[in-house]
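Trainee: Before we start, could you show me the chain that we are going to read together?

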Amino acid sequence: TNAPQIPSSVTNMKKCFVECTNLTNAPQIPSSVTRMGYCFYRCTSLTTVPPIPSSVTNMQQCFASCEKLTSVTLKCNYSVGDKFENTFEDCTSLTAGSIKVPADQVATYQANAGTMGTEADRFVAE
């Protein structure tokens with residue numbers, strides 16, 4: 001249900017916790033991490049995650065199918081291309097205002113909500 005502490009030297013967490021269906025609480029993500037593609041993919045019991053650091057540039061399908069996830073804080077800027085594709089696909093417990101992002105990035109995240117697999121009203125300023 002819980003994960004160990006991630007060392008501060010880690011930069012790539014791609015597919016780190018794929019299908020850990022009993023994981024409910026994600027560990028702190030070090031500020032060194034840049035890649036989180038598929039990191040929590042299909043972690044169907046995941047309910048909480050710490051803020052995603054500003055260093056992250058790839059979150060492709062990071063939280064896809066995390067059905068119980070109710071809120072997320074992204075400190076990172078939106079990355080163009082497929083790097084944020086389907087980040088929140090099938091995250092059915094995320095509601096309006098449940099994804100906090102940097103204030104200067106709200107419009108960008110809202111404009112790309114469809115690419116991220118969610119609705120524009122989910123994004124609000126942190």
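Mentor: Let us begin with a charge and a ring: K15 lies over the face of Y38, at 5.8 Å from the ring centre. Please keep in mind throughout that this is a predicted model.

Trainee: How many aromatic pairs does a search of the whole structure find?

Mentor: The search finds 9 aromatic pairs. In one of them, the ring centres of F17 and F40 are 5.4 Å apart and the planes meet at 5°, so this pair is stacked, given that planes under 30 degrees apart count as such. Both F17 and F40 lie in the segment before β1, and because 23 residues separate them in sequence, the pair ties together separate parts of the chain.

Trainee: Are F17 and F40 buried or exposed?

Mentor: F17 is buried, and F40 is buried as well. Another stacked aromatic pair is made by F63 and F88, with 5.8 Å from centre to centre and 5° between the planes. This second pair links distant parts of the chain, with F63 in the segment before β1 and F88 in the loop between β1 and β2, 25 residues apart. F63 and F88 are both buried.

Trainee: Which residues do ring pairs link into a cluster?

Mentor: The cluster joined by ring pairs consists of F17, F40, F63, Y78, F84, F88, Y109 and F123.

Trainee: How should I read the largest nonpolar core, and which residues have the most contacts inside it?

Mentor: The general idea is to look for buried nonpolar residues that are joined through their side-chain atoms. Here the largest such core has 35 residues, and those with the most contacts inside it are F40, I52, F63, L74 and F88. The elements that give two or more residues to this core are β2 (99-101) and α1 (106-111).

Trainee: Which residues is N58 in contact with, leaving aside its neighbours within four places in sequence?

Mentor: On that basis, N58 is in contact with T34, R35, M36, G37, K83 and F84, and F84 also belongs to the cluster linked by ring pairs.

Conventions:
Residues are numbered from 1 along each chain as its sequence is written. This is a predicted model: local features need pLDDT of at least 70, side-chain atom pairs count only at pLDDT 80 or more; totals for chains, interfaces and linings use all residues. Side-chain values use heavy atoms; hydrogens and water are left out. A nonpolar core is a set of buried Ala, Val, Leu, Ile, Met, Phe, Trp, Tyr and Cys residues joined through side-chain atoms within 4.5 Å. Buried means under 20% relative accessible area, exposed over 50%, partly exposed in between (1.4 Å probe, protein chains only). Helices (H or I, at least four residues) and strands (E, at least two) are DSSP runs, numbered from the N terminus. Contact means heavy atoms within 4.5 Å. Rings of Phe, Tyr and Trp (its six-membered ring) pair if their centres lie within 6.5 Å; planes under 30 degrees apart count as stacked, over 60 as edge-to-face and the rest as tilted. A charge sits over a ring if NZ of Lys or CZ of Arg is within 6 Å of the ring centre and within 35 degrees of the ring normal.
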